[in-house]
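Have a look at the structure first, then read on.

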Amino acid sequence: MFFSKIKENLKKTKENLDIKISNVFANNKDIDKVIDELEETLILSDVGINTSVKICDNLRQELKKQVDKSESAIKELLKKEMEKILLSSSEDSNSYSSDEKQVILIVGVNGVGKTTSIGKIANLYKKQGKKVLLAAADTFRAGAVEQLEIWAKRTNCDICSGKEGQDPASVVFDAATKFKNEDYDILICDTAGRLHNKTNLMNELEKINRIIDKNLEGIKKEVLIVLDSTTGQNGAIQVKSFYEKTSLNGIILTKLDSTAKGGVVFSIVSELNLPIKYIGVGEQIDDIEIFNPKEFVEAII
Ligand SMILES: Nc1nc2c(ncn2[C@@H]2O[C@H](COP(=O)(O)OP(=O)(O)OP(=O)(O)O)[C@@H](O)[C@H]2O)c(=O)[nH]1
Ligand SMILES: [Mg+2]
């Protein structure tokens, strides 16, 4: 897509990785030593121990078969191995380009970027000419409904709004009814941020899910969990606790513009067993990308 833009938005990670990788080559002549230090660099860049070891083991194997052991050749091989990790779980995840009607439920802990991501995704679908409905089912936090209403205006989407304190499942019910009656293509439901130890809020998610399954039977449903990349490795705990209450189909990874630790993408993909569907790379409406492994690796190394 806008390749230079994603590079620009991921530049903190790129600067961090590029400098470290260049130093590895500058400080070592011996190839084995270079790879060992690359492995260490990846681990220190939040790629995760298992994933870093796997990438570098493969790199060692590939290098044995190859005559050219120059810095640029090794870097190209490294990129390929990193891309492989991301491809392994992002296959078959491109429901974005499908023409099916869809309901998308957005979940996650507080402040990770759920509502903002919904605005951005609604905009992407609108640009495809889809008829999009939003459901403001965060009736828990004051101001949350208004926040989504602003996004609805900005993206020219319709919205079903709950009142503060209203049962969020009833907002989703109203939205599901409108979706069917008025022939919408896409329904995106916002939910309140919740921590796994808040039992009531977690149970509420089960109810919202039931309402969707019952009232939108036969419509493709995707539950996406939003994770904040700046908080790094604790995504695993969040994913696990939401899994207990709802199925999950993928991840929206936000705030990659604000962190030098974009390497966390690799550990998320390989350890959580869920594809990354979108990445958030800023606060503006266009600061979202459909996750593309090749582009991502090219942008950070
Ligand atoms: N830099 C940056 N900021 C982001 C991104 N996505 C969201 N934000 C900011 O993160 C803050 C929280 O975003 P929200 O969309 O309100 O998050 P939320 O998950 O809906 O929050 P709650 O509803 O309170 O749980 C806002 O200031 C957003 O502008 C991103 O990709 N990059
Ligand atoms: Mg919100």
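## Around the ligand

An oxygen atom of ligand 1 sits 3.2 Å from a polar backbone atom of V112. That is a polar contact, meaning a pair of N or O atoms within 3.5 Å. On its own, ligand 1 exposes 650 Å², and the protein buries 82% of that (accessible areas by the Shrake-Rupley method with a 1.4 Å probe).

How many residues surround ligand 1? There are 19, and K114, T115, T116, D257 and E283 are the closest (near means a heavy atom within 4 Å). This shell has two nonpolar, 10 polar and seven charged residues; Asp, Glu, Lys and Arg count as charged, Ala, Val, Leu, Ile, Met, Phe, Trp, Tyr, Cys and Pro as nonpolar, and the others, Gly among them, as polar. Helix α6 (residues 114-127) gives the largest share of the shell, four residues.

## The sheet

Now for the strands. Eight of them form an open sheet with mixed pairing, in the order β3-β2-β4-β1-β5-β6-β7-β8 (two strands pair if DSSP finds at least two bridges between them; helices, H or I, are DSSP runs of at least four residues, and strands, E, of at least two). At the edges are β3 (158-161) and β8 (288-290), each pairing on one side only.

Strands β6 (residues 250-254) and β7 (residues 276-280) pair in the parallel sense over three bridges. L253 stands opposite I279 in β7.

## About the model

This is a predicted model, where local features need pLDDT of at least 70 and side-chain atom pairs pLDDT 80 or more, while totals for chains, interfaces and linings use all residues. Residues are numbered from 1 along each chain as its sequence is written, chains are lettered from A and ligands numbered from 1 in the order in which they are written, and side-chain values use heavy atoms, leaving out hydrogens and water.

Technical notes:
Polar contact = N/O pair within 3.5 Å; in protein donor to acceptor, adjacent residues only side chain to side chain.
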